[in-house]
Amino acid sequence: MKELVFLKLGGSLITDKTQPYTPLLDVMDDIAVQIKTALQAQPDLRLVLGHGAGSFGHVPASEYRTRDGLPPRATPLLHRDRDKSEDNYWKGFSEVWYQASALNRYIMQALHKMDVRAISLSPSSSVIASNGHVSVWETNAIRMSLSSGILPVIFGDVVFDEVRGGTILSTEDLFMHLARALNPERILLAGLEAAVWADFPARTQKVEKITQTSFEEISAGIGKSAGADVTGGMESKVKQMLGLVQETPGLSVQIFSGKELGNIVRALSGEVLGTLITE
């Protein structure tokens, strides 16, 4: 049985999150080399790649509050009137889509240069949310991509929402749904941080392993994210992944640094790096 692994490239890894719209092209090129190396060395590896929006999507998302959904209407509207705040929201919605897609194109270019067979599957065109959670997602394209030996690539993106009108789903949000549908053995979250720290931002107390019980003891020190991040940062990621491993027997999650030389290929090969999250 071929192993299925989800790999996320954090926005802090592939962009400079302190500088708007700044891709780290050399990092992307190196990651593409590592992915190709891992796939060649492990013919039985099935991989789903995801990436964050970094300084591309999070900047307009913060300005327009896209994740929150449509603003409440201050007064009743006439039949053909358009609320200016609503119009502004949809302007931001389309801008976040544009910037997230622009970053995705850089990732796809890096993979293409390394002759990695990959296809981008934009969540905005296939996912419908309900109050910030995936409600509808036809995943056959991902399944068929995997069975064809093509690397499916998804990313944090805007989606239409049955309750909010629109919202943003992070890669972790998308992985949560995909994990229930596809049952991966491992989820790898590659960012800048070498691990989860119990005393962020001091970074003197590395957390080797997190379970539901131990998380309660360290949660206060984990902290948020450096730079723009509308989807919650480290604390939110750990909470999401803890919930997922609790409901998915056999699943493990690793949070580790993708910046350190060779770490992504090492993690894909099965080496435990950074912090391990288990039930």
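Figure 1. Leaving out residues up to four places away in sequence, Ile 277 touches Ile 210, Val 238, Met 241, Leu 242, Val 245, Ser 252, Val 253 and Ile 255, where contact means heavy atoms within 4.5 Å. The model is predicted: local features need pLDDT of at least 70, side-chain atom pairs count only at pLDDT 80 or more, and totals for chains, interfaces and linings use all residues. Residues are numbered from 1 along each chain as its sequence is written, and side-chain values use heavy atoms, with hydrogens and water left out. Ile 277 is also among the members of the largest nonpolar core, of 37 residues, that touch the most other members, together with Phe 6, Ile 142, Ile 187, Ile 210 and Val 238. Such a core is a set of buried Ala, Val, Leu, Ile, Met, Phe, Trp, Tyr and Cys residues joined through side-chain atoms within 4.5 Å.

Figure 2. Strand β9 (residues 186-191) pairs with β13 in the parallel sense over 6 bridges, with Arg 186 opposite Ser 252. Strand β14 (residues 275-277) pairs with β13 in the antiparallel sense over 3 bridges, and Ile 277 is the bridge partner of Val 253. Strands (E, at least two residues) and helices (H or I, at least four) are DSSP runs, numbered from the N terminus; two strands pair if DSSP finds at least two bridges between them.

**Figure 3. The open sheet of 8 strands.** Its order is β3-β6-β2-β1-β9-β13-β14-β12, with mixed pairing. Because β3 (118-120) and β12 (209-210) at the edges each have a single partner strand, one side of each is left without a neighbour in the sheet. Strand β1 (residues 3-9) and β2 run parallel and are joined by 7 bridges; Leu 7 stands opposite Leu 49 in β2.

**Figure 4. Helix α3 and its packing.** Of the 11 residues of α3 (residues 54-64), 8 are buried, namely Gly 54, Ser 55, Phe 56, Gly 57, His 58, Pro 60, Ala 61 and Tyr 64. These buried residues pack against α1 (11-14), α4 and β8 (165-169). Arg 65 follows α3 and has a positive phi, near 55 degrees.

**Figure 5. Glu 86 in helix α4.** Glu 86 belongs to α4 (residues 84-113) and is buried, with a relative accessible area of 15%. Neighbours within four places in sequence aside, Glu 86 is in contact with Leu 70, Pro 71 and Arg 73.

Definitions and conventions. Buried < 20%, exposed > 50% of the residue type's maximum accessible area, 1.4 Å probe, protein only.
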